[in-house]
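I opened my notebook to look up how this chain is put together.

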Amino acid sequence: VGGRPVATGVVSVADAWAATNPILGRGLSLGFHHACQLRDIIGVLRDEDDQAPLEPVGEPVEALAGRAREAGMAVTVERSGTPVPAIERTAYHVVRESLTNARRHAPGAPATVTIAHGTTATSVSVVNGPPARRPEASGSTGLGLLGLHERVRLGGGTLSSGPTADGGFRTAAALPHHQVP
């Protein structure tokens with residue numbers, strides 16, 4: 001955000017309030033969680049005359065990557081282990097935000113999505129190379145990674161992101177299988 005990578009050590013608003021007022025901090029965390037759920041529900045309950053959502057509800061990561069490839073992005077998806085349905089939605093959000101950022105900030109760079117389902121947790125990693133050309137000015141708010149960090153944290157997971165040694169960028173999430181639904 002503001003040219004700086006967002007890392008796991010970033011203190012969210014809810015965490016800051018929880019330090020002084022645990023009830024308010026928990027309320028803010030729950031409010032964010034329910035707002036995310038409501039956004040997903042609204043996509044399902046929209047009127048017939050409304051425009052279709054840009055992302056199909058329940059779309060798998062592979063389909064998201066396919067849409068990115070159709071838009072000209074070089075994306076590879078590597079999976080291992082047995083998918084955990086309760087984790088797939090959060091994994092999808094990690095991949096979507098990461099690919100959006102790669103397209104915006106590293107145009108022409110290839111991206112590799114790795115999803116590894118273990119017995120107790122799923123790891124999600126999206127790594128893109130350095131930009132192949134100069135990025136255009138973006139109207140980005142810079143809040144995407146902060147919101148994603150909060151979504152992952154509410155599920156008991158961790159999110160880290162930052163530049164790679166070759167000038168690319170890496171976003172990684174560890175998602176425990178006991179996530180809040």
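**Ground rules.** I am working with a predicted model, where local features need pLDDT of at least 70, side-chain atom pairs count only at pLDDT 80 or more, and totals for chains, interfaces and linings use all residues. Residues are numbered from 1 along each chain as its sequence is written, and side-chain values use heavy atoms, with hydrogens and water left out.

**Layout.** I found five helices and five strands (DSSP runs: H or I of at least four residues for helices, E of at least two for strands, numbered from the N terminus). Going from the N terminus, I read the order α-α-α-β-α-β-β-α-β-β.

**Burial.** Of the 181 residues, 35% count as buried (under 20% relative accessible area, with a 1.4 Å probe and protein chains only).

**The helix pair.** How do the axes of α3 and α4 cross? I got roughly 15 degrees for α3 (residues 61–70) and α4 (residues 85–105), with the axes coming within 10 Å. That makes α3 roughly parallel to α4 (angles under 35 degrees count as such).

**Who touches whom.** In α3, I noted Val-61, Leu-64, Arg-67 and Ala-68, which meet Tyr-92, Val-95, Arg-96 and Leu-99 of α4 (contact means heavy atoms within 4.5 Å). I sorted the contact by class and got six nonpolar, two charged and no polar residues.

Note on methods. Axes are lines fitted to C-alpha atoms, for helices over the stretch in contact, and angles run from 0 to 180 degrees between N-to-C directions. Angles under 35 degrees count as roughly parallel, over 145 as roughly antiparallel, 65 to 115 as roughly perpendicular and the rest as oblique. Ala, Val, Leu, Ile, Met, Phe, Trp, Tyr, Cys and Pro count as nonpolar, Asp, Glu, Lys and Arg as charged, and the others, Gly among them, as polar. Buried means under 20% relative accessible area, exposed over 50%, partly exposed in between (1.4 Å probe, protein chains only).
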